Amino acid sequence: MDRLKAGWFSELNDLWPGMCLSLQVDKVLHQEQSKYQDIMVLQTKNHGKALILDGIIQCTETDEFSYQEMISFLPLCSHPAPKKVLIVGGGDGGVAREVAKHPAVEEITQVEIDEGVLRVSREHLPFMGCGLEHPKLTLHVEDGFKFMAEHREQFDIIITDSSDPVGPAVSLFQKSYFSLMQQALRPGGIVCSQAGTVWASLDHVCQTFSHCHQVFPRTAYAITSVPTYPTGQIGFVLGSLNQETNFKEPLRIFSEEELDQMGLRYYSAEVHRAAFSLPRFAQQALSVR
């Protein structure tokens, strides 16, 4: 079925069978086939610009901040001194934009395999692409697996901002990837990875969480609301090398004034704590793995 039909884009994928989200489209701003995936930017009627990779909505202008802030500040505020941060993926620039806001962060290294996503985001999505130009950031266009294998014990935080487990992102959800991240962390380091939604892909969430749990002594799963994602929700798996880490209680708590100065619209200490409060079915599914 054509994903673009009669002025609407429909996100059709077997990852969430029997359902899809549709966005009304004013114009297709860009479309290309890169070496790794199909890249499309849409001007939607009600949700601003939208980035689509391989037919899956990555972000829309109206609600991307929820995802970007949470995947960044949940791990950053769980670490006592997150000075050196590695971002794997995140070619739209949104995570780099948010990580750079944290006052403790001194260096950001980003590894994105697809130059096409970087170029398109800079040109068509400047509200996120601006993160790619931050002076704290050093950007590498290469494979994240290879990069981490060559950079051991170098990072306090590793954030994996991947697309869903199709195409080039499949390898980022496997146990071998969590093991590689563990080796690239400094003592006490923390990882945070996009991990899907319990409402449409509970088995995938549990499998990803299990991979993380087999590698890291402290693990957790957190959720955030993103209206234009499948089921309106997405989750993250977090792992820490420090057995004393309590992900549910942030170590760094910002005042309202600080949150305003950083331009945070979703994240706060209260939202941080709430993100780890899961419905019983999700708690039970994750507790047996």
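Which residue is the bridge partner of Val41 in β5? The partner of Val41 in β5 is Leu51. The views below show a predicted model, in which local features need pLDDT of at least 70, side-chain atom pairs count only at pLDDT 80 or more, and totals for chains, interfaces and linings use all residues. Residues are numbered from 1 along each chain as its sequence is written, and side-chain values use heavy atoms, with hydrogens and water left out.

**View A. The open sheet of 6 strands.** The strand order is β1-β2-β3-β4-β5-β6, with antiparallel pairing. Strands β1 (4–5) and β6 (56–60) are the edges, each pairing on one side only. Strands (E, at least two residues) and helices (H or I, at least four residues) are DSSP runs, numbered from the N terminus. Two strands count as paired if DSSP finds at least two bridges between them.

View B. Buried means under 20% relative accessible area, exposed over 50%, and partly exposed in between (1.4 Å probe, protein chains only). Strand β3 (residues 22–33) pairs with β4 in the antiparallel sense over 7 bridges, and Gln31 stands opposite Met40 in β4. A hairpin is formed by β3 and β4, with 4 residues between them. The antiparallel pairing of β4 and β5 runs over 5 bridges. These two strands, β4 and β5, also form a hairpin with 4 residues between them, and Gly48 in its turn has a positive phi of about 65 degrees.

**View C. Strands β5 and β6.** Strand β5 (residues 49–53) runs antiparallel to β6 and is joined to it by 4 bridges. Ile52 has Ile57 in β6 as its bridge partner.

**View D. Strands β12 and β13.** Strand β12 (residues 218–225) has 6 of its 8 residues buried, so it is largely enclosed by the rest of the structure. Antiparallel to β12 runs strand β13 (residues 233–240), and 8 bridges join the two. Ala222 has Phe236 in β13 as its bridge partner.

**View E. A patch of negative charge on the surface.** The patch gathers Glu256, Glu257, Asp260 and Glu270. Patches are made of residues with over 30% relative accessible area and no salt bridge, with like charges joined within 9 Å and nonpolar side chains (Val, Leu, Ile, Met, Phe, Trp, Tyr) within 5 Å. A salt bridge is a side-chain nitrogen of Lys or Arg within 4 Å of a carboxyl oxygen of Asp or Glu. Helix α8 (residues 256–262) gives the largest share of the patch, 3 residues. Glu270 lies in helix α9 (residues 269–274) and counts as exposed because its relative accessibility is 52%.

Conventions: Areas by Shrake-Rupley, 256 points an atom, 1.4 Å probe, with all protein chains shown as cover. Lys, Arg positive; Asp, Glu negative; His and termini not counted. Charge placed at Lys NZ, Arg CZ, Asp CG, Glu CD.
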